[in-house]
Amino acid sequence: MKFILFSISLYIFSSFSIFESRHMPPEFELIKEGNGLSFYERWINMEDGTKSREVKFIISIKAPYENVIEVLTKEKYGMLWNDNTLAYKIKSTGPQSWISYMRYSFPFPLSDRECYLKNRLEEGKESTKIYFNSSNSRIFSEGEEMVQMTGLEGRWIVTKKQGYTLLRYHIISVPEKGLPRWIVDPIIRRNLWNTMQNLKQTIEKI
């Protein structure tokens with residue numbers, strides 16, 4: 001399955017108020033790096049007392065800025081970069097906003113589930129940001145019995161550089177209940193890494 005993570009995880013900076021925690025958060029731990037990707041993680045205590053996973057990716061992409069935006073916002077690319085995704089759909093809700101839908105196939109002991117995200121694009125002079133958070137919409141799966149992924153918040157940051165594009169991904173998610181981290185963490189980390197590798201390759205190929 002893929003976490004977008006879309007998927008899944010988000011986030012994230014002290015200037016991003018919805019992600020502020022009760023205390024000063026710990027430093028990010030480098031989980032893995034290579035091939036232009038750096039994967040960081042930490043656990044933070046939110047204002048409501050929830051302990052949440054915070055993930056950060058920094059990705060160097062040998063492709064124009066416009067290619068990055070194209071892949072992140074178009075439905076036709078979704079199945080190419082989201083690892084283990086059974087379905088990926090997008091519905092526009094405005095000139096720069098949309099709802100994205102992912103149905104994931106999780107390896108045992110996790111069950112398959114689906115995720116709806118509200119997305120909002122904001123263009124700036126130096127970078128473009130795409131903010132996202134969980135949505136209550138069921139437009140692509142009304143009446144179906146499927147576990148919903150909720151409590152996700154994050155953003156993408158796309159920045160033009162000399163000869164390449166820098167992509168940052170941030171996400172906060174509430175951990176699975178009832179399963180120990182030594183089981184869940186390897187699954188989540190593997191799928192996040194595979195998803196971001198797929199994303200980089202997809203952008204650089206189009």
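**Exercise 1. Thr-128 and its surroundings**

Task: State which residues Thr-128 touches, not counting residues up to four places away in sequence, and place Thr-128 in the fold.

Solution: Thr-128 touches Tyr-65, Ile-69, Leu-121, Glu-122, Glu-123, Trp-156, Ile-157 and Val-158, once residues up to four places away in sequence are set aside, where contact means heavy atoms within 4.5 Å. This is a predicted model, in which local features need pLDDT of at least 70 and side-chain atom pairs count only at pLDDT 80 or more, while totals for chains, interfaces and linings use all residues. Residues are numbered from 1 along each chain as its sequence is written, and side-chain values use heavy atoms, with hydrogens and water left out.

The next step is to locate the residue: Thr-128 is found in strand S7 (residues 127-134), strands (E, at least two residues) and helices (H or I, at least four) being DSSP runs numbered from the N terminus. Thr-128 has a relative accessibility of 1% and therefore counts as buried (buried is under 20% relative accessible area, exposed over 50%, partly exposed in between, with a 1.4 Å probe and protein chains only). Finally, the side chains of Thr-128 and Tyr-65 make a polar contact at 2.2 Å.

**Exercise 2. Salt bridges**

Task: Say how many salt bridges a search of the whole structure finds, and describe those of Asp-185 and Arg-103.

Solution: The search finds 10 salt bridges, each a side-chain nitrogen of Lys or Arg within 4 Å of a carboxyl oxygen of Asp or Glu. Asp-185 and Arg-53 meet through their side chains in one of them (2.6 Å, N to O). Because Asp-185 lies in helix H3 and Arg-53 in strand S3 (residues 51-61), this pair ties together parts that are 132 residues apart in sequence. Asp-185 counts as buried at 6% relative accessibility, and Arg-53 counts as buried at 3%.

Turning to Arg-103, its side chain meets that of Glu-114 in a salt bridge (3.5 Å, N to O). Arg-103 lies in strand S5 (residues 97-104) and Glu-114 in strand S6, so parts that are 11 residues apart in sequence are tied together. Arg-103 also forms a salt bridge with Glu-144, with the closest N and O atoms 2.4 Å apart. Glu-144 lies in the loop between S7 and strand S8 (147-148), so this pair ties together parts that are 41 residues apart in sequence. Arg-103 counts as buried at 18% relative accessibility, whereas Glu-144, at 41%, counts as partly exposed. Elsewhere, salt bridges that share partners join Glu-41, Arg-53, Asp-185 and Arg-189 into one network.

Notes:
A polar contact is a pair of N or O atoms within 3.5 Å; within protein, one must be able to donate a hydrogen and the other to accept it, and residues adjacent in sequence count only if both atoms are side-chain atoms.
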